[in-house]
Amino acid sequence: MRDGSRMSSIGQGFLVMRRYLSAMALAVVIATLNSGCFKMAVPEDRALPVILWPDPPEIPRISFVNSLSRQEDMGIVDGPVKSFWRFLAGHAETPLSNPHGVAVDVEGRLYVVDHFLKKIHVFDPKEKRYFLFPEQGPAFVSPIDIAIDDKHGRIYVSDSAEAVVRVFNKSDRKPVGEIRSGGLGRPTGIAVNPLTDELLVVDTLNAGILRYALDDNRLKKVVGAEGSDKGRFHSPTHIAVAPDGRILVTDSLNFRVQILDPQGGFVGSFGAAGDSPGRFSRPKGVAADSDGNIYVVDALFSNVQVFDREGRLLMAFGKAGNAYGEFWLPTGIAIDSRDHIYVSDSYNKRVQVFQYLKDGELPQ
């Protein structure tokens, strides 16, 4: 028994000594980091390939720009102290887990909905900063899409399972409210129409589009109903607003995209079920560039098809795979004021960035 007690005392002594040495080592590391004598290794710039669509000798219209799966891919690098604490906390090197909705604000910040983490990633290349919000506790159950209201300084996120659109302050990303009115069943795609000062919300369950006033989140009108006729929907999912204010809706199980005027009136539609160019298998995200061309993500085709304003097929880019310019179940898409195209490559755990080449010239 005395030998056992002695061994126990020795073990406790080793444990105390190990804790002491660990604390001393941590103190030395922190002091070194704060003194500026130690710098965390920063990844070198990656060699990104030049990829163009369509293939030469055709005039290029789309070019590959970047692939984002972590903050360093956008040139955002933490300081040495923050990097060290991030390492101790065990944070994954690749923050994106299951990207869905994407949006870009007027300052160029990229917002990405992470369906698995139930968080929003914010990449700010101008200020070289990265955020993940909400910071404390999960605010979402099933986040799908995101929209930015630059005029009123608000961020809107649809939470499908909770039948709610959550509202955050853009400046500090704090929650400021929620939208449940209008009998929301399953909110999915959302978009801001700055020309009408409205938030547009797709209700997949009730096959409609809800129009809310941005100043007070008041429901103004419900557009559409279940069906396959003009202006009716069957499991609509995604929505976008073209530069001229026209509304683009992915009418998923009708295998088409419907075009509505700013008030929700039917303008036209294009697409049908099939596996040939111009048709759809699993249409997802939709967006428009500065010329009004319409981009539609197809998850099962693993590509993005590009149509003109009238819905005539122009081209497609992407294919199945995990290399640059390839996709694995892509979902969301957003296009910023500089015609940068952001595509959520969900199962590849990244957002790929492309450039629309208006005049067929590569950007300088």
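The largest pocket holds about 1100 Å³ of space, a volume taken as the space filled by probe spheres set on grid points joined across faces, edges and corners. A pocket here is an open set of points on a 1 Å grid over the protein atoms alone, where a 1.4 Å probe fits, with protein on both sides within 12 Å along at least five of seven lines; lining residues have an atom within 4 Å of a point. This is a predicted model, in which local features need pLDDT of at least 70 and side-chain atom pairs count only at pLDDT 80 or more, while totals for chains, interfaces and linings use all residues. Residues are numbered from 1 along each chain as its sequence is written, and side-chain values use heavy atoms, leaving out hydrogens and water.

Strand β7 gives the largest share, 5 residues; strands are DSSP runs of E, at least two residues long, numbered from the N terminus.

Now follow β7 itself, residues 143-149. All 7 of its 7 residues are buried, so the strand is largely enclosed by the rest of the structure; buried means under 20% relative accessible area with a 1.4 Å probe, protein chains only. Its antiparallel partner is β8 (residues 154-159), paired over 5 bridges, where pairing takes at least two DSSP bridges. P143 stands opposite D159 in β8. The two strands form a hairpin with 4 residues between them, and G153 in the turn has a positive phi of about 65°.

How values were computed: Buried < 20%, exposed > 50% of the residue type's maximum accessible area, 1.4 Å probe, protein only.
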